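Subject: Handing over the structure

Hi there,

Here is the structure I promised to pass on to you. Have a look at it first, and then read on for what I found.

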Amino acid sequence: MVVGLSTLISAYGKLFRSRRSFPASGERPTVTAMIPALNEERTIPYALASLAAQTVPPDRVVVVDDGSTDDTTEIVAELATEFDLEIVHRRHEVPQGKTVGMKEVARESETDTVFVLDADTFLESPDYVERLLEPHADPGVASSFGTVYPTSPRAKRQFYHEQVVDSLPEGSVAHEHVRADLAEHASRTGVEGYLANNEAIIGFRNVDYHVQQRVFADGIMRAFGSTLFPVGAAVLYDRERLVSVFDDYEESLGDDLTNSEDIFLGFAFSERGWANVHLHDTYLRSDVPGLRKTFKQNYLWGSGYLQSAFYFTNLTFRFRTHSVPADEKSGVTTDGGTDRGTSTSASTAVTRDEEIESDDERAEREPTPTEDDGSELESEREPDRNPPALKRPMGRLIIAQVLDGLYPTTVFVMLALSGLGFVAIDAVMILMVLEYLLSVGLAVITRTRRVTLLRGLVPFVLIRTVVLPVLTYTYLRVGTDILLGNRDWRK
């Protein structure tokens, strides 16, 4: 929802706070790139080509093939000999999911960072990895990520001519698939071609992604110095912190890190006082699914958010800034228990009631003892590079967004009441029109060359209306899971 409490938080950040700056780094952190892939013969050439063209390419690339039955394996082997990259191919005979691959690569790697790039995504900015490395000079940063826009046929053609055509050998399997994909899109015309090329969903996501990132994520980043979680299509993780989260919850949750692993990881980082840094001016493109899978995608994102808010109760209800020592433990329970700390004397805490505290506004803090609450999933391991953490009051944002997420349900209830004569239908229409006008207005005000307003606004309004019931279903299903004790939450 655009008209809501989280809008006020974002507006506060945009109007009154500057973007966070990071110290200059001496030695560049080393990078292992991990690409999870399952039947990506038409997209993985773009992903690998974009890595090869980076101003700072990764030191090593591991493609985790999750049981592909197409030419993905052959293409990876082919490009490993063509690109100036160390490319390692690892294959799972049976699909195991993205989380399993991330754990394997993070635990076996010896680099400072792990860059997770989806196989259907390519880096539009040639300095994407270089830019993402900058925040990691700050030891309090756990992840960094850029701004994503949907991949359109036009963007794909442009990237092909600028980066791919000269890097793929003529007659190679990779080049054949890329050309076939471009030719297929170009052959579709008219209304049928518009629908077949997924242009309506692309237009919807183009405006939706833009507003969510350029307005809300940027405002949140300014207000808190961190976002709640990274956008998972192309994220640079601090490897030690990533492994520490995986290890902390291995026994209790295994690979079931909610319906969205990147949201869970972001909440875990935030709970520990580590930052998820969004860079507003470096870009990537990622494929979007058709309408039916868009319903599922929205459900996975929404449910992953609610599940993480339930698991990390202490973060959800943290309304004040806390500074904690490096050795304070934290935890999360499958019952929605909190992580209020397990250190009884060394823990320090300070609060600020008036406003969200920025990095340069930290004052002296008074020690406050905390108590062990017996959390079931108590963390027992901290990464080696672990300075005192700033636990930001992200509960203000979480509660605001959870309440804002009730907007579709509110609309449906008001529509039902209007049918019974208790509420004027005009009130419902005014609420919806106001929400759409503000969304469109924000898109226009913050527009860039990557926003296709003329082609995207109508699909945005129509498809946004169609998918509204998904959020109501999401709240009902997650709420039912919590009441019945169902924790089978996995993408």
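The average pLDDT of the chain is 87, and 86% of the residues score at least 70; pLDDT is the predictor's confidence in each residue, from 0 to 100. For residues 337-384 the pLDDT is below 50, and this stretch makes 125 contacts in the model beyond near neighbours in sequence (a contact means heavy atoms within 4.5 Å).

Some ground rules before the details. This is a predicted model, in which local features need a pLDDT of at least 70 and side-chain atom pairs count only at pLDDT 80 or more, while totals for chains, interfaces and linings use all residues. Residues are numbered from 1 along each chain as its sequence is written, and side-chain values use heavy atoms, with hydrogens and water left out.

Let me start with the core. The largest nonpolar core has 110 residues, and Ile35 and Phe115 touch the most other members. Such a core is a set of buried Ala, Val, Leu, Ile, Met, Phe, Trp, Tyr and Cys residues joined through side-chain atoms within 4.5 Å. Buried means under 20% relative accessible area, exposed over 50%, and partly exposed in between, with a 1.4 Å probe and protein chains only. Helix α9 gives the most to this core, 13 residues. Helices (H or I, at least four residues) and strands (E, at least two) are DSSP runs, numbered from the N terminus. Leaving out residues up to four places away in sequence, the partners of Ile35 include Ile44, Leu48, Val62 and Leu117. There is also a second, separate core of seven residues, with Tyr407, Met432, Tyr436 and Leu468 among them.

Next, have a look at helix α6, residues 153-164. Its twelve residues have end C-alpha atoms only 14 Å apart, short of the 16 Å that a straight helix would reach at 1.5 Å a residue (the expected span is 1.5 Å times one less than the number of residues). Its buried residues are Pro153, Ala155, Lys156, Phe159, Tyr160 and Val164. They cover an arc of only 155 degrees around the axis, so they sit on the same side of α6; the arc is that of the directions from the helix axis to the C-beta atoms. Arg154, His161 and Glu162 are exposed on the other side. The cover over the buried residues includes α2, β5, α7, α9 and β8.

Strand β8 also holds Arg285, which is buried at a relative accessible area of 8%. What does Arg285 touch, not counting residues up to four places away in sequence? Among its partners are Asp120, Tyr149, Ala155 and Arg450. A polar atom of the Arg285 side chain lies 2.9 Å from the backbone oxygen of Pro150.

A polar contact of 2.9 Å joins its side chain to that of Arg272. For that term, the pair is of N or O atoms within 3.5 Å; within protein, one must be able to donate a hydrogen and the other to accept it, and residues adjacent in sequence count only if both atoms are side-chain atoms.

Last, two backbone angles. Asn39, in the loop between β1 and α2, has a positive phi of about 55 degrees although it is not a glycine, and Asn39 is partly exposed at 36% relative accessible area. Asn198, in the loop between α8 and α9, has a positive phi near 65 degrees, and Asn198 is buried at 15%.

Best wishes
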